[in-house]
Amino acid sequence: MPILSFSLRNSAIAALAAALPLLAAAAPAALPDTLEQRVAACVACHKAKEQSDAFFPRIAGKPAGYLYNQLLNFRDGRRQYPMMTYMVEQLPDAYLREIAEYFAEQHPPYPAAQNSGATQAQLERGRSLALQGDAGKKIPACVACHGEKLTGVAPAIPGLVGLPRDYINSQFGAWKNQKRKAHAPDCMADVASRLSEADVAAVSSWLSTQVADASDRPATTHAKPLPLKCGGVPQ
């Protein structure tokens, strides 16, 4: 019996030794711990779909401070989107800042202008709201905050060009319904409350027809003080 046990043990050891190279070959290779690998999940949606899907906004090239604030808003419950919340809910501030800085440095070409389907009168109303505002409704012009070229202002105001019309509409709806919030004072919630549904449709239609030059970047300063105080934006 001892001889048999010894033989079986040797056979088992031999079989295991023979299988080890196969097991090693079948084992998945360790992924590199690089920032590009860490943001692969972000790229899977935003790079792949922002050119064609109405609800994936362009994040490339937006100011890092803005992107960082939005990641915090998703993590801390001020913005609601289950997939985003799941991805960031366990991430520390430093990690979120790295992600924001990574995407702020990416500058792919802007998407082509959309065919909004709006009437000329609607487009003119949208253009007027974007460039001049509506003093009677206390609505500031989009360019007063988002920059003369609507490409955003560093460090924390996003660009509006390159965003799909339906995405802009959905975000105004979220502000109106208090589903999207920002650090107080929430200036965009105030602006959204002053816009009628027709005004939202007009400005989103006009914005979606605008195309930025590939070399355009967020502005670095405002020519004038901001018309409203906004949480998360240095005054």
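From the N terminus on, the elements of the chain run α-α-α-α-α-α-α-α-α-α-α. This makes 11 helices and zero strands, where helices (H or I, at least four residues) and strands (E, at least two) are DSSP runs numbered from the N terminus. The model is predicted, so local features need pLDDT of at least 70 and side-chain atom pairs count only at pLDDT 80 or more, while totals for chains, interfaces and linings use all residues. Residues are numbered from 1 along each chain as its sequence is written, and side-chain values use heavy atoms, with hydrogens and water left out.

Of the 235 residues of the chain, 40% count as buried; buried means under 20% relative accessible area, exposed over 50%, and partly exposed in between (1.4 Å probe, protein chains only). With contact taken as heavy atoms within 4.5 Å, 70% of the contacts between residues at least 6 apart in sequence join residues at least 24 apart.

The largest nonpolar core has 33 residues, and those with the most contacts inside it are Leu150, Phe172, Leu195, Val203 and Leu207. Helices α7 (120–131), α8 (142–146), α9 (165–176), α10 (187–194) and α11 (197–208) each supply at least two residues of this core. Such a core is a set of buried Ala, Val, Leu, Ile, Met, Phe, Trp, Tyr and Cys residues joined through side-chain atoms within 4.5 Å. Leaving aside residues up to four places away in sequence, Leu195 touches Leu129, Ile139, Phe172, Lys176 and Val200. A second, separate core of 17 residues includes Leu71, Phe74, Met84 and Val88.

Helix α4 deserves a look of its own. Its 13 residues (64–76) should span 18 Å at 1.5 Å a residue, and its end C-alpha atoms are 18 Å apart, which agrees; the expected span is 1.5 Å times one less than the number of residues. Among the buried residues of α4 are Tyr66, Leu67, Leu71 and Phe74, and the buried residues of this helix pack against α5 (82–88) and α6 (93–104). Just after α4, Gly77 takes a positive phi of about 90 degrees.

Turning to the cysteines, Cys187 and Cys230 form a disulfide, with their sulfur atoms 2.0 Å apart; the cut-off for such a pair of cysteine sulfur atoms is within 2.5 Å. The pair links distant parts of the chain, 43 residues apart, with Cys187 in helix α10 and Cys230 in the segment after α11. The torsion about their S-S bond is about 115 degrees, so the disulfide is right-handed. Both Cys187 and Cys230 are buried. Cys42, by contrast, is in no disulfide, and the nearest cysteine sulfur, that of Cys45, is 8.8 Å away.
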